[in-house]
Every structure is written in C-alpha cells, then in structure tokens.
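Work through the exercises below with the sequence and the coordinates open beside you. Each task is followed by a solution in steps.

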Amino acid sequence: MRLPAKAQDKCFLRLERLREVDNELRRPEADFLRDGIYELRVSLQGVQHRILYFFHGTLAAVVSHGLVKERVVPPKEIDRAIERKKRFEVDPRRHTYEEA
C-alpha cells in the first residue's frame with residue numbers, strides 16, 4: 001500500500017530536516033525508541049506516520065518506513081528495525097543507497 005502523496009511529501013520534508021540537523025532532531029519531529037532506534041514523526045489529518053532509523057557514524061540509516069501508529073510503535077516493528085540495523089552494521093556498503 002502506498003502512502004498518499006501529501007503524506008509522502010511530509011515524510012520527505014522530515015527526512016530533509018533530519019539531514020539538516022542530524023542527531024539534534026527532537027520531539028515532536030523525532031523521538032528515541034530503544035536500542036539505538038529512533039522514529040521520525042509525521043502527522044497528517046490525524047494519521048501518525050513513522051519512519052524508523054538509526055545513526056551509523058554521521059549517517060542516518062532508514063530501516064523501516066510508512067508505519068502508521070496508534071499510540072505506540074509496535075514492539076515487533078522495533079525488533080525488526082534492530083535486526084536490520086545489525087545487518088547494516090555488518091556490511092554498510094551493501095545496504096547503502098546513493099543518489100546518482
């Protein structure tokens with residue numbers, strides 16, 4: 001399922017903001033969850049969209065996107081992000097996207 005265009009736009013803006021201020025981003029834009037996993041917070045028309053990420057040096061690596069949350073991010077999604085973080089840390093180059 002694709003995010004609506006307005007939600008996508010807001011998510012891209014939030015990612016751009018993360019790029020600008022790095023690990024200084026705080027609530028309400030971002031929040032720490034656990035075990036090195038953070039969430040970017042995007043709200044649109046009462047729907048809470050979340051992008052999970054972590055920091056690897058100066059790089060913010062996205063490990064899950066498009067989550068819609070009610071009150072809390074499901075622990076299963078955080079566990080999945082932690083596993084993806086571990087795989088990334090083994091071979092960062094393999095899991096890094098670079099714009100052409």
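Helices here are DSSP runs of H or I with at least four residues, and strands are runs of E with at least two, both numbered from the N terminus. The model is a predicted one.

**Exercise 1.** Determine how many helices and strands the chain has, and in which order the elements run.

*Solution.* Counting by that definition gives two helices and four strands. Reading from the N terminus on, the elements follow the order α-β-β-β-β-α.

**Exercise 2.** Decide how the radius of gyration of the chain stands against that of a compact globule with 100 residues.

*Solution.* As for the extents along the principal axes, the C-alpha atoms fill a box of roughly 40 × 35 × 30 Å.

**Exercise 3.** Describe burial, contacts and surface in the chain.

*Solution.* Start with burial, for which the cut-off is under 20% relative accessible area: 31% of the 100 residues count as buried. Next, among contacts with a separation of 6 or more, 37% join residues 24 or more positions apart. Finally, the chain exposes about 7200 Å², of which carbon and sulfur atoms supply 50%.

Technical notes
Residues are numbered from 1 along each chain as its sequence is written. This is a predicted model: local features need pLDDT of at least 70, side-chain atom pairs count only at pLDDT 80 or more; totals for chains, interfaces and linings use all residues. Side-chain values use heavy atoms; hydrogens and water are left out. The radius of gyration is taken over C-alpha atoms; the globule rule is 2.2 Å times the number of residues to the power 0.38. Buried means under 20% relative accessible area, exposed over 50%, partly exposed in between (1.4 Å probe, protein chains only). Contact means heavy atoms within 4.5 Å. Accessible areas come from the Shrake-Rupley method with a 1.4 Å probe; for residues, only the protein chains shown count as cover.
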